[in-house]
Amino acid sequence: MSPAEVVIQSTLFESLLRCVRLDTSLRERMAAAGYDPDRPRASYPASVFLRCQNLVLQAAYSGRPQQEALRQMGRDLVRGYFETLVGKVVNVALKIAGPERAMKRVALSFRSVMEPVEITSLELGPRDWRVTFQGYPFPAEAAAGCCEEALRQAGAANPSAVLETDDGHGRFELRMRW
């Protein structure tokens, strides 16, 4: 599945903008990349989000190793999402559900901001899960950071996401523990 086939909701762009200080230059580069922060549409192709994500990485996470920058941006993206109107509601539900139920519903959580993406979760033991992403158009490390922060918000103590496999084409597996 190519990034152009996946549709990203504008809420995720709003969350991405919360990761960075949006000055005039970045605002113009975002617009040139296909997203106008002053006139957002309801949804965009994943390719536009990927270009904007790369701009945010350069502006807010430069100087860090690439994998570390992606993972931190994933964490910050989730925190930013929980500051949006939709995200505030989701965050309350996540806290009530707790980490175990959050893991059972991880696919639904991702589908609320992007579609189509196939995500499955498998419980391997207490506080030990494998999450498989198929057709995911963004870097695995960013997804790992998103999952860690979502689990933290759900009440998990010291969540960690280990990238077990990554084919480099949108299919990877994360081992989630807390």
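Predicted model: local features only at pLDDT ≥ 70, side-chain atom pairs only at ≥ 80, totals over all residues.
## The three-stranded sheet

Three strands make up an open sheet with antiparallel pairing, and their order is β2-β1-β3. Because β2 (43–45) and β3 (114–115) stand at the edges and have a single partner strand each, one side of each of these strands is left without a neighbour in the sheet. Strand β1, formed by residues 7–9, is joined to β3 by two bridges in an antiparallel arrangement, and here I8 stands opposite M114 of β3.

Helix α3 packs on this sheet, where it touches β1 and β2, and its direction makes about 85 degrees with that of β2. Helix α1, made of residues 10–17, lies across β1, β2 and β3 and runs at about 65 degrees to β1.

From α1, the residues L12, F13 and L16 meet V48, F49, C52, Q53 and V56 of α3. Divided by class, the residues of this contact of α1 with α3 are seven nonpolar, one polar and no charged.

Q53 belongs to helix α3, which spans residues 46–60. Its relative accessibility is 2%, and so Q53 counts as buried, the cut-off for that class being under 20%. When residues up to four places away in sequence are not counted, Q53 touches L16, L70, M73, F138 and P139.

## Helix α7 and its surroundings

Helix α7 is largely enclosed by the rest of the structure, because 12 of its 14 residues are buried. The buried residues are A140, E141, A142, A143, A144, G145, C146, C147, E148, E149, L151 and Q153. These buried residues of α7 pack against helices α4 (66–81), α5 and α6 (106–111), and also against strands β5, β6 (160–166) and β7 (172–177).

The length of α7 can be checked against its residue count: at 1.5 Å a residue, its 14 residues should span 20 Å, and this agrees with the 20 Å that separates its end C-alpha atoms. Just after α7, G155 takes a positive phi of about 110 degrees.

## The packing of α5 on α7

Helix α5, residues 85–104, packs with helix α7, residues 140–153, at an angle of about 110 degrees, and their axes are 7 Å apart. Since angles of 65 to 115 degrees count as roughly perpendicular, α5 is roughly perpendicular to α7. The contact is made by N91, L94, K95, P99 and M103 on the α5 side and by A150, L151 and Q153 on the α7 side. Classified by residue type, the contact of α5 with α7 contains five nonpolar, two polar and one charged residues.

Notes:
Residues numbered from 1 in each chain as written. Heavy atoms only, no water. Helix = DSSP H or I, 4+ residues; strand = E, 2+ residues; numbered from the N terminus. Buried < 20%, exposed > 50% of the residue type's maximum accessible area, 1.4 Å probe, protein only. Contact = heavy atoms within 4.5 Å. Pairing = 2+ DSSP bridges. Axes fitted to C-alpha atoms, helices over the stretch in contact; angles between N-to-C directions. Parallel < 35°, antiparallel > 145°, perpendicular 65-115°, else oblique. Nonpolar A, V, L, I, M, F, W, Y, C, P; charged D, E, K, R; others polar. Expected span 1.5 Å × (residues − 1).
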